[in-house]
Amino acid sequence: MVCGFRITGSRRDFKYGNDLKNMANIGIFYGSTTGNTEKVANLIQQAFGEDNAGIYNVDITEPEDIQKYPWIIFGVSTWGVSDLQDDFEDFLEVLEKVDFSGKKVALFGLGDQSTYTDSFVDAMGILYEWLKKRGVKIVGFVSRKGYSFTGSMALVKGNLVGLAIDEEFESDLTGERVKFWVEELKKEFV
Ligand SMILES: Cc1cc2nc3c(=O)[nH]c(=O)nc-3n(C[C@H](O)[C@H](O)[C@H](O)COP(=O)(O)O)c2cc1C
């Protein structure tokens, strides 16, 4: 299913905080350098309801933290040109240890479609390919309508492989984008 278009307690996880996170069915895992992806992860959690979704900084996430969830959301920003955010890059080693069978995964990516218009949210596309190669079921595709970029590795058959957010130049749209996407995901996470 592809959705078109049309949150915060900006809270850093503490070293042992992840263990205390709830028993919900949805796990949100993000890597963030300046806090934008973290902010959006919190908005997504709020949109699902805090009791329904646990939230984790990938910097301190273990394979067991992921394994327990049937529905998983990964959030990654793009750095360099077309690079995964640093913590997320390291996190791929953790992901290698997770058995994704029977799980549904959705992706969101932070980027800047004006300054990096040829590589907008490329990291989300790289992560998609990485997961796809391992047979992971990915849901939550989004129409590219309403965005203005010229190129992205996150485009597959004309759609974005997850929710793209531009906090640099379109932060006013973030709340609405998140809400709409989460409503679509609620239909997928069943
Ligand atoms: C040096 C640098 C390189 C970046 N490269 C890209 C890029 O290739 N593609 C993109 O969409 N955004 C790029 N961005 C924008 C960031 O992804 C964006 O600021 C994002 O919101 C950062 O999220 P974070 O603070 O959660 O890491 C870059 C930003 C900087 C400062």
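In which sense do β4 and strand β5 (residues 83-84) pair, and over how many bridges? The two strands pair in the antiparallel sense over 2 bridges; strands count as paired if DSSP finds at least two bridges between them.

## Basis of the report

This is a predicted model, in which local features need pLDDT of at least 70, side-chain atom pairs count only at pLDDT 80 or more, and totals for chains, interfaces and linings use all residues. Residues are numbered from 1 along each chain as its sequence is written. Helices (H or I, at least four residues) and strands (E, at least two) are DSSP runs, numbered from the N terminus.

Why is β4 described as largely enclosed by the rest of the structure? The reason is that 9 of its 9 residues are buried; a residue is buried if 20 or more other C-beta atoms, placed from the backbone, lie within 10 Å of its own. Both faces of the strand are covered, with W71, I73, G75, S77 and W79 on one side and I72, F74, V76 and T78 on the other.

## Helix α1

Helix α1 has 13 residues and reaches 19 Å from its first C-alpha to its last, close to the 18 Å expected at 1.5 Å a residue. The expected span is 1.5 Å times one less than the number of residues. The helix is mostly covered, as 11 of its 13 residues are buried; among them are N36, T37, L43 and F48. The buried residues of α1 pack against β2, β3, β4, β6, β11 and α5, where contact requires C-beta atoms, placed from the backbone, within 7 Å. Just after the helix, G49 takes a positive phi of about 100°.

## The shell around the ligand

The ligand is surrounded by 23 residues, of which T34, T37, S77, G111 and Y116 are the closest; a residue is near the ligand if its C-beta atom, placed from the backbone, lies within 6 Å. The elements that give two or more residues to this shell are α1 (36-48) and β4 (71-79). The largest share, 3 residues, comes from β4.

By type, the shell divides into 6 nonpolar, 13 polar and 4 charged residues. Ala, Val, Leu, Ile, Met, Phe, Trp, Tyr, Cys and Pro count as nonpolar, Asp, Glu, Lys and Arg as charged, and the others, Gly among them, as polar.

Definitions and conventions:
A residue is buried if 20 or more other C-beta atoms lie within 10 Å of its own, exposed if 12 or fewer, and partly exposed in between; C-beta atoms are placed from the backbone. Two residues are in contact if their C-beta atoms, placed from the backbone, lie within 7 Å.
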